[in-house]
Amino acid sequence: ATEGVALPPRPKPVEKEETESSGLQVWAEGLPWETTETELLPYFQQHGLVEKCTINRTRDGRSRGTATVRFTDAESADAAIRELNGIEIGTENKRKMYVRLDRYA
C-alpha cells in the first residue's frame with residue numbers, strides 16, 4: 001500500500017553527548033533501609049568537607065538504600081571511594097556499602 005509513496009529520509013541517530021562527572025559527588029548503594037542522613041554523614045565527613053548528603057527515597061518516604069554525597073573537592077571524593085567502598089555499615093542490619101563516583105553530577 002506504500003507503492004508510489006515517497007518516504008521521508010530516515011533521521012540520523014542522535015549522538016549521545018558524554019557527560020563528564022564533576023568528580024565532587026559520590027554514589028553510595030547497599031545502605032541499610034533504616035539509615036538516615038545523620039547516621040551516614042560521619043562516614044563521609046572523615047574524608048573531607050561534605051556539601052550535601054541525601055538518601056534517595058520513594059514517594060512514601062522509604063529509603064531506596066542509595067545516597068548521593070557531594071564534597072567540596074575531588075580529592076575528598078576520591079578518598080571516600082577508596083576508604084568506604086565495601087565497608088559494612090549499620091547497627092542492627094549490617095550491610096555492605098558500595099561507593100563510586102557519581103557519573104551524572
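**View 1. His-47 is a buried residue, with a relative accessible area of 18%.** Buried here means under 20% relative accessible area and exposed over 50%, with partly exposed in between (1.4 Å probe, protein chains only). You will find His-47 in the loop between helix H1 (37-45) and strand E2 (50-57). Helices (H or I, at least four residues) and strands (E, at least two) are DSSP runs, numbered from the N terminus. Leaving out residues up to four places away in sequence, His-47 touches Phe-71, Ser-76, Ala-79, Ala-80, Glu-83 and Leu-84; contact means heavy atoms within 4.5 Å.

A word on the model before we go on: it is predicted, so local features need pLDDT of at least 70 and side-chain atom pairs count only at pLDDT 80 or more, while totals for chains, interfaces and linings use all residues. Residues are numbered from 1 along each chain as its sequence is written, and side-chain values use heavy atoms, with hydrogens and water left out.

**View 2. Helix H2 (residues 74-84) has buried residues Ser-76, Ala-77, Ala-79, Ala-80 and Leu-84.** Seen down the axis of H2, these buried residues fall within an arc of 160 degrees, so they line one face of the helix. The arc is that of the directions from the helix axis to the C-beta atoms. Their cover includes strand E1 (25-29), H1, strand E3 (63-71) and strand E6 (98-101).

**View 3. The largest nonpolar core has 17 residues.** Such a core is a set of buried Ala, Val, Leu, Ile, Met, Phe, Trp, Tyr and Cys residues joined through side-chain atoms within 4.5 Å. Leu-40, Phe-44, Phe-71 and Met-97 have the most contacts inside this core. E1, H1, E2, E3 and H2 each supply at least two of its residues. Which residues does Phe-44 contact, leaving aside neighbours within four places in sequence? They are Val-26, Ala-28, Val-50, Val-69, Phe-71, Ala-80, Leu-84, Met-97 and Val-99. In soluble globular proteins, nonpolar side chains tend to be buried together.
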